[in-house]
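Reader: I have a model open on my screen and would like to go through it with you piece by piece. Could you take my questions as they come?

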Amino acid sequence: MSLIFAIFLPILVAIVIPFLFKKISSIHTGWFVLIVPVVLVGHYVTYISAIMDGTTYIDKFEWIPSLDISVVSYIDGLSLLFSLLITGIGALVVLYSVFYLDKDREKLGNFYVYLLLFMSAMLGVVQSDHLISLYFFWELTSISSFLLIGYWYTKDRSRFGALKSMMITVFGGLMMLGGFVLLGIMGETFSIRELIEQAPTLVGQEFFILALVLVLIGAFTKSAQFPFYIWLPDAMEAPTPVSAYLHSATMVKAGLYLVARFTPIFALSEVWVWLVTGVGLLTLLWGSFFAVKQTDLKAILAFSTVSQLGLIMSLLGIGSISYHVTGDLVTIFTFASFAAIFHLMNHATFKGSLFMIAGIVDHETGTRDIRKLGGLMSLMPISFTIAMIGSFSMAGIPLFNGFLSKEMFLDATLSLQHFNVHSLESWWMLFPIVAWIASVFTFVYSLYFVLHTFRGKYKPDLLPKKAHEAPIGMLISPAVLAVLVIIIFFVPNYFGNTFIKPAVAAIQPLAYKVPADVGFHIKAWHGFDSIALYMTLGVFLIGFLLYKSIAKWTPIYGMLPARMSLNGFYDWLMNLSDKGANRLSSSYMTGSIRSYLIYMFAAVIALLAFTMWTKDAFVINLTNLAPIQFFEILISVVLIISTITILVTKSRLTAIISLGAVGYTVALFYIIFKAPDLALTQLVIETVSVALFLGAFYHLPKMDKYEKGKEDRLFRLNNFLIALGVGVMVSLIAIASHSQKLVKSISEYYKETVYSEAGGGNIVNVILVDYRGFDTLFEISVLTIASLGIIGMITVRLAKKKGDRKVENK
Amino acid sequence: MEILMSILIGFLFMAAVYLILSRSLLRIIIGTGLLSHGTHLLLLTMGGLGGESAPVLADGITDYVDPLPQALILTAIVISFGVTAFSLVLAYRAYKVVGTDNMDLMKGNEDND
């Protein structure tokens with residue numbers, strides 16, 4: 001099976017899913033879907049041993065060869081680990097959803113189409129070597145995630161959550177595209193592998209930091225980092241299999257993947273190191289702090305996911321310090337990358353199982369509100385066991401894999417003491433302290449999650465349903481994950497060698513040529529001289545005390561006003577852009593034609609005046625002018641007087657007659673300037689026009705009946721200023737352009753050949769019907785259309801529709 | 001003479017724009033009429049106002065006025081006449097149907113925005 005085909009396999013299957021759903025209604029559609037991830041897991045497992053030896057695989061599909069855009073599937077340690085997570089947890093989630101979603105009540109066709117679309121998109125993201133196809137799949141994950149969150153589209157909260165996640169992740173995706181394009185321009189290639197090779201030359205370039213920041217915004221929005229994490233808790237309106245799959249194990253890790261994948265390029269800049277580490281730690285602290293406040297099981301898990309993603313992010317940041325140090329320090333810091341990937345895998349296992357348990361609790365009791373739950377331990381013993389394994393692993397308690405990665409994390413933050421942080425000796429202390437506090441809160445909410453749900457008093461009167469153990473099929477997937485949690489604790493180095501080392505070798509290609517070079521060994525016991533051990537003990541102690549006194553200190557959450565929160569800011573921003581855009585457009589789209597005319601004339605004046613001013617365009621040239629004669633002055637005066645009459649008269653008759661006078665004066669100008677045909681036409685047409693005016697406006701009211709009163713003086717002054725501006729600009733341009741004639745007229749040719757070529761004496765008429773006869777043809781068409789239109793207007797009277805309102809005229 | 005004509009044309013444009021900006025439909029159409037007069041004269045002026053004789057071949061004359069702007073203006077006059085006639089009838093019909101010639105009132109209402 002080719003790699004490209006493997007990526008698109010889920011989409012291809014998605015095409016037939018609706019038919020299966022419609023035609024075979026006796027079997028749950030999920031069983032058919034299950035085949036896809038199982039086949040793909042089997043496919044990707046075959047690569048493991050070769051990847052461990054440092055082999056990489058590549059497969060290319062030319063998409064738009066002329067633009068050098070192709071879908072390139074590249075498998076190395078990092079993308080193989082992600083592909084296995086996506087397909088493996090995908091298989092478990094599909095299995096879980098078969099029991100979770102009712103085949104008679106739910107639109108399963110939609111659900112599985114979206115889910116398969118998402119699976120393809122995710123595989124595409126982690127395997128793409130081409131930036132543009134990476135972006136393509138990235139947006140496909142946003143879209144399919146949007147569809148999945150809004151799966152129960154009749155619920156308001158679902159639609160709100162879907163829209164919010166769409167807005168934020170697509171914003172980030174677009175930023176990321178900008179970063180990709182900058183990278184592509186700087187490196188003159190869109191291939192990530194080629195960019196990694198050029199990384200040393202890219203660092204110094206002008207747009208390097210901008211590209212770095214833009215790509216990071218993409219990663220932060222997708223991976224729900226501070227301050228973009230706000231979409232994740234609202235995405236919990238999705239069906240639980242979706243939350244388990246997208247919002248814990250796969251999609252939110254796309255940002256982490258992106259950071260890991262681009263580390264060999266961007267880590268050469270210290271900005272990257274501090275942004276990734278700092279934002280990661282802040283998210284870790286923030287997420288763990290607010291997780292304790294939540295009362296909804298899935299919301300606790302959402303904030304916990306946010307915080308754990310922050311942890312992994314900060315580890316990736318610390319890992320990228322290795323690019324700035326030499327000697328033994330390289331190994332110390334690459335250990336952080338190792339810890340990051342290890343925790344990424346661990347998190348996928350325990351968080352996936354916890355979400356599924358939250359779904360089971362919801363499914364079997366009818367609520368996810370932790371205040372109503374309690375005492376489920378004896379009723380749901382298997383779920384309790386799985387939940388306990390998951391939460392204890394999340395809390396970092398020994399015997400579960402979370403313990404190992406938490407220890408490695410604390411070790412990694414402590415290793416910052418070897419790196420001179422901005423030349424300030426004690427700055428590094430900040431990082432382990434923040435990490436430690438966050439671990440305490442993680443401990444608290446993990447205990448809170450499992451103990452408040454399953455221990456304490458059973459409250460049957462608060463529950464919509466009578467609680468009982470879930471069907472066995474629903475328990476399979478979380479049980480598999482929980483078993484993995486324990487297995488990883490006991491044989492961590494098997495997983496380390498198989499999955500983590502190849503992935504680290506991909507993140508740190510400079511330090512390690514082949515995965516076997518990565519010499520880390522995971523051990524559960526570090527000896528008594530390990531500071532991390534004492535930090536962990538401190539976490540357990542303080543965490544336990546805080547958990548016991550949880551009711552006493554939770555009121556501090558009430559101190560932060562709701563409006564100050566990031567969600568409040570998001571709502572305010574959405575509201576502002578909505579209302580603001582509305583107010584802005586209704587402020588200038590008045591619906592009055594006069595306003596639009598003013599905009600147009602003002603724009604014309606401003607543009608022309610600005611151009612003339614800046615280009616120094618006004619030239620006046622008094623040579624080569626025709627002489628001024630007495631008649632011309634006389635006619636000019638008549639023209640001016642009749643124009644002024646139009647402006648000031650109150651009677652429409654005077655205005656029409658004055659317009660006629662202007663027309664006849666123009667005809668006199670044509671006579672003086674030796675244009676007999678024009679004079680003839682002008683006289684005739686002016687006569688007809690005046691007749692038309694008189695005929696058409698016989699019934700109209702007096703002209704200036706609207707221009708009265710105080711307000712109208714301002715109205716008139718405005719109009720006058722605009723009109724004056726237009727007039728002055730026209731005069732200036734006319735004078736300037738007449739003063740700088742650049743070429744001679746082509747009319748000499750007409751004058752010389754009018755008789756010899758065309759056989760006529762009247763040059764104007766010959767131009768009209770011979771040299772430029774096409775103009776005349778279409779001018780005839782214009783007249784025809786105008787007269788047909790007039791006939792149409794006068795004779796065709798459509799019957800008035802009932803309820804048409806007349807505009808009042810008072 | 002060209003300078004004088006330019007100023008005169010500017011004045012015609014000014015009057016036309018002022019009329020077009022008013023509320024009465026009749027004044028607007030009169031404004032468009034003035035605007036086309038201004039434009040035609042501008043075409044003529046820009047072609048140059050010198051020249052001894054009208055562009056009709058005659059013996060012994062060599063210095064003709066430029067014929068090309070005249071042909072252009074002739075076309076323009078006819079077209080603007082067609083458009084003016086059309087808009088006049090349109091305005092007449094509009095007044096008959098809507099019952100007003102005040103542009104500010106012919107904005108439509110909430111229902112048909």
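Reader: Let me start with a pair of helices: are α9(A) and α12(A) roughly parallel or roughly antiparallel to each other?

Author: Bear in mind that this is a predicted model. The axes of α9(A), residues 208-222, and α12(A), residues 254-266, cross at roughly 160° and come within 7 Å. Angles over 145 degrees count as roughly antiparallel, so α9(A) and α12(A) are roughly antiparallel to each other. Their crossing is left-handed.

Reader: Which residues of α9(A) and α12(A) make the contact?

Author: From α9(A) there are Phe208(A), Ala211(A), Leu212(A), Val215(A), Leu216(A), Ala219(A) and Lys222(A), and these meet Ala254(A), Gly255(A), Leu258(A), Val259(A), Ile265(A) and Phe266(A) of α12(A). Sorted by class, this contact has 11 nonpolar residues, 1 polar and 1 charged.

Reader: And what about α7(A), at what angle does α7(A) pack with α9(A)?

Author: Helix α7(A), which spans residues 156-187, packs with α9(A) at about 150°, and the two axes are 7 Å apart. These helices are therefore roughly antiparallel to each other, and the crossing of α7(A) and α9(A) is left-handed. On the α7(A) side the contact includes Ile168(A), Phe171(A), Met175(A), Phe180(A) and Leu183(A), while the α9(A) side includes Phe208(A), Leu214(A), Val215(A), Ile217(A) and Lys222(A). By class, the contact of α7(A) with α9(A) has 14 nonpolar, 6 polar and 1 charged residues.

Reader: Moving along to the loop between α9 and α10 of chain A, where is Ala224(A) placed, and what is its phi?

Author: Ala224(A) sits in that loop between α9 and α10, and its phi is positive, about 55°, although this residue is not a glycine. Most residues other than glycine have a negative phi, and most peptide bonds are trans. Ala224(A) has a relative accessible area of 0%, so it is buried. The loop between α9 and α10 also holds Pro227(A), which is joined to Phe226(A) by a cis peptide bond with omega of about -5°.

Reader: Lys674(A) also has a positive phi, so is Lys674(A) buried or partly exposed?

Author: Lys674(A) counts as partly exposed because its relative accessibility is 25%. Its phi is about 60°, and the residue lies in the loop between α26 (652-672) and α27 (676-696) of chain A.

Reader: How many residues of α11(A) are buried?

Author: Helix α11(A), residues 240-249, is mostly covered, with 10 of its 10 residues buried. Among them are Pro241(A), Tyr245(A) and His247(A). The buried residues of α11(A) pack against several helices of chain A, including α4 (77-100), α6 (131-149) and α15 (328-365).

Reader: Switching to Val440(A), what does it touch away from its sequence neighbours?

Author: Leaving aside residues up to four places away in sequence, Val440(A) touches Val539(A), Ile542(A), Gly543(A) and Leu546(A). Val440(A) lies in helix α18, residues 430-454, and it counts as buried because its relative accessibility is 4%.

Reader: Last topic, the strands: how many bridges join β1 to β2 in chain A?

Author: There are 7 bridges between β1, residues 57-64, and β2, residues 69-75, and the two strands run antiparallel. Ile64(A) stands opposite Ile69(A) of β2(A). The hairpin has 4 residues between the strands, and within this hairpin Asp68(A) takes a positive phi near 60°.

Note on methods:
Residues are numbered from 1 along each chain as its sequence is written. Chains are lettered from A and ligands numbered from 1 in the order in which they are written. This is a predicted model: local features need pLDDT of at least 70, side-chain atom pairs count only at pLDDT 80 or more; totals for chains, interfaces and linings use all residues. Side-chain values use heavy atoms; hydrogens and water are left out. Two strands pair if DSSP finds at least two bridges between them. Axes are lines fitted to C-alpha atoms, for helices over the stretch in contact, and angles run from 0 to 180 degrees between N-to-C directions. Angles under 35 degrees count as roughly parallel, over 145 as roughly antiparallel, 65 to 115 as roughly perpendicular and the rest as oblique. A crossing is left-handed if the near helix is turned anticlockwise from the far one by less than a right angle, and right-handed if clockwise. Contact means heavy atoms within 4.5 Å. Ala, Val, Leu, Ile, Met, Phe, Trp, Tyr, Cys and Pro count as nonpolar, Asp, Glu, Lys and Arg as charged, and the others, Gly among them, as polar. Buried means under 20% relative accessible area, exposed over 50%, partly exposed in between (1.4 Å probe, protein chains only).
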